[in-house]
Amino acid sequence: MPSPQRTTRLADSAAPARPAALTGSAAARPLPPARIRTTVRVPLRFGDGYRVDADFTTFHDLADGAEHLALAIGDPQRTATPLVRLHSECLTGDVFGSARCDCGPQLREAAERIAEHGGYLLYLRQEGRGIGLYNKLDAYALQDGGLDTYAANAALGLPEDARDYTAAGQMLHALGADRIDLLSNNPDKAAQLAALGVDVRRRVPTGVHASPSNLHYLRTKATGTPLTLGHGLQLLPEGA
Ligand SMILES: [Zn+2]
């Protein structure tokens, strides 16, 4: 698993992504190609009643062998630069509406914004920033003892972020989406995609969905630590 280079540069969410400056390396890694396996339409309905149809695509030959999904929403073919969100699986947030993080509202926001523009939501099976569901729940238990997200992972001997976007790059290439707008507050994602040969024309910031339970999580994410990026987040009321 590649270990992405870190920078301490704060996000300038309005600026276009500058991959070379972010990564220190302009060379794109060649990726083994993935192939499209199946595409099937699934009508979605979210907890607040929002409905949208998504074409779920599955793949052969993804780098890590996991069952990642690409959801085409709002006809990505109608735009030269589809809007793309890389969403890493969060069972507690996505399915159960956990208020310990903002994944559920982020997923819901992404679906609607992609529907408006045309693009893809890549649903990546890397639970708990890649450490897995059980480890994430162990880290929650440590957080209840006063540690922040990153200190809790460190106490478990785990990286604060083990996510890898190689499969995401393969999926975008297989879909013909080599040039995209990226819906994200995280400059590291844009840099990793650029290193995988995806041209990120623009990074589009998302809203931040704060609640009393996730405020500490979001503050930690925004402030960063010596190991992490500042995400340049601005906290807004929930639902903003
Ligand atoms: Zn989450």
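Predicted model: local features only at pLDDT ≥ 70, side-chain atom pairs only at ≥ 80, totals over all residues.
User: How many helices and strands does the protein have, and what makes a run count as one?

Analyst: The protein has 8 helices and 7 strands. Both are DSSP runs, numbered from the N terminus: helices are H or I with at least four residues, strands are E with at least two.

User: What makes the 7 strands a sheet, and in which order do they lie?

Analyst: Two strands pair if DSSP finds at least two bridges between them. The 7 strands form an open sheet, in the order β1-β2-β3-β5-β4-β6-β7, with mixed pairing. β1 (35-45) and β7 (199-204) are the edge strands, since each pairs on one side only. Neighbouring strands are turned by 30° against each other on average, direction ignored. Axes here are lines fitted to C-alpha atoms, for helices over the stretch in contact, and angles run from 0 to 180 degrees between N-to-C directions.

User: How do you know that β4 pairs with β5 and with β6?

Analyst: Count the bridges. β4 and β5 run parallel and are joined by 6 bridges. β4 and β6 also run parallel, with 2 bridges. The cut-off is at least two bridges, so both links count as pairs. Val84 has Tyr120 in β5 as its bridge partner, and Leu83 stands opposite Asp181 in β6.

User: Which sense does the pairing of β2 and β3 have?

Analyst: It is antiparallel: β2 (residues 51-60) and β3 pair over 4 bridges.

User: Why is β4 called largely enclosed?

Analyst: Because 5 of its 6 residues are buried, β4 is largely enclosed by the rest of the structure. A residue is buried if 20 or more other C-beta atoms lie within 10 Å of its own, exposed if 12 or fewer, and partly exposed in between; C-beta atoms are placed from the backbone. Across the protein, buried residues make up 38% of 240.

User: Which helices lie on the sheet, and at what angles?

Analyst: α3 lies across β1, β2, β3, β4, β5 and β6, at about 160° to β4. α7 packs on the sheet too, touching β4, β6 and β7, and its direction makes about 170° with that of β7.

User: What makes a group of residues a nonpolar core, and which members touch the most others?

Analyst: A nonpolar core is a set of buried Ala, Val, Leu, Ile, Met, Phe, Trp, Tyr and Cys residues joined through C-beta atoms within 7 Å. The largest one has 38 residues, and Val84, Tyr120, Leu121, Leu122, Ala168, Met171 and Leu193 touch the most other members. Elements that give two or more residues include β4 (83-88), β5 (119-124) and α6 (166-174).

User: What does Leu121 touch?

Analyst: Leaving out residues up to four places away in sequence, Leu121 touches Leu71, Ile73, Arg85, His87, Ala110, Ala111 and Ile114. Contact means C-beta atoms, placed from the backbone, within 7 Å.

User: Why are Asp161 and Arg163 called buried?

Analyst: Asp161 has 23 C-beta neighbours inside 10 Å, so it counts as buried. Arg163 has 20, which meets the cut-off of 20 or more, so it is buried as well. Both residues are in the loop between α5 and α6. UniProt positions follow the numbering used here, feature names are shortened, and annotations may be inferred rather than shown by experiment. Beyond four places in sequence, Asp161 is in contact with Arg129 and Gly130. Arg163 is in contact with Ser88, Gln126, Arg129 and Gly130.

User: How do you know that Ser184 and Lys189 are buried?

Analyst: Ser184 has 25 other C-beta atoms within 10 Å, so it is buried. Lys189 has 24, so it is buried too. Ser184 sits in the loop between β6 and α7, whereas Lys189 is in helix α7. The unreviewed UniProt entry includes both under "binding site". Not counting residues up to four places away, Ser184 touches Leu86, Lys189, Ala190, Arg203 and Thr206.

How values were computed: Residues numbered from 1 in each chain as written. Contact = placed C-beta atoms within 7 Å.
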